[in-house]
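This report covers the fold, the core and the confidence of one protein model. Please look at the sequence and the structure before reading on.

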Amino acid sequence: MSLAVRIDLDSTTPHYEQLRAQIAALVAAGDLTDGQRLPTVRALANDLGIAPGTVARTYRDLEAAGLVTTRRRVGTLVTAPPATLSRAAVTEAAARFVRLARDHALTDTEIRDVVAAALIAGGRRAADPAASDD
């Protein structure tokens with residue numbers, strides 16, 4: 001099995017974090033479903049041209065987040081929560097945001113930076129009028 005993921009070797013984001021974010025996004029989007037088996041550490045590392053330890057760290061991080069589970073003789077399986085209406089609404093809003101950002105010629109890195117800034121702000125800017133720039 002191969003995953004629709006890629007590693008940007010020129011990015012300042014560590015490879016394990018790039019991979020973790022992409023797999024988590026595939027789970028959130030429903031492209032990876034509950035019980036689906038992920039490639040072995042060695043197979044995915046070979047496909048992406050990265051060290052097996054990098055993939056192993058990614059799988060450990062995903063397991064800690066509750067997105068996958070690893071079992072001997074079975075491998076690493078997705079343990080995605082079932083899609084809910086609220087998750088679907090958030091996923092659609094994210095897709096609209098990405099389309100808007102691309103329409104404004106933002107790069108993928110710039111889009112990630114905008115989302116990271118929003119996460120750091122915790123949504124305060126939209127909810128807190130005192131946090132406005134004026």
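## Overall fold

The protein contains six helices and two strands. This is a predicted model. In sequence order, the elements follow the pattern α-α-α-β-β-α-α-α.

Of the contacts between residues at least 6 apart in sequence, 47% join residues at least 24 apart.

## Surface and burial

The protein has 134 residues, and 22% of them are buried. Its exposed surface comes to about 9100 Å², of which carbon and sulfur atoms supply 55%.

## The nonpolar core

Which residues have the most contacts inside the largest nonpolar core? They are Val5, Leu19, Ile23, Leu32 and Leu44, in a core of 21 residues. Helix 1 (15-28), helix 2 (41-48) and helix 3 (52-64) are the elements that give two or more residues to this core. Helix 1 gives the most, with five residues.

Val5 can be followed in more detail. Leaving aside residues up to four places away in sequence, Val5 touches Leu19, Gln22, Ile23, Leu26, Leu44 and Leu48.

## Confidence in the model

The mean pLDDT of the protein is 85. A value of 70 or more is reached by 86% of the residues.

Over residues 127-134, pLDDT stays under 50. For this stretch the model has three contacts beyond four places in sequence.

Conventions:
Residues are numbered from 1 along each chain as its sequence is written. This is a predicted model: local features need pLDDT of at least 70, side-chain atom pairs count only at pLDDT 80 or more; totals for chains, interfaces and linings use all residues. Side-chain values use heavy atoms; hydrogens and water are left out. Helices (H or I, at least four residues) and strands (E, at least two) are DSSP runs, numbered from the N terminus. Buried means under 20% relative accessible area, exposed over 50%, partly exposed in between (1.4 Å probe, protein chains only). Contact means heavy atoms within 4.5 Å. Accessible areas come from the Shrake-Rupley method with a 1.4 Å probe; for residues, only the protein chains shown count as cover. A nonpolar core is a set of buried Ala, Val, Leu, Ile, Met, Phe, Trp, Tyr and Cys residues joined through side-chain atoms within 4.5 Å. pLDDT is the predictor's confidence in each residue, from 0 to 100.
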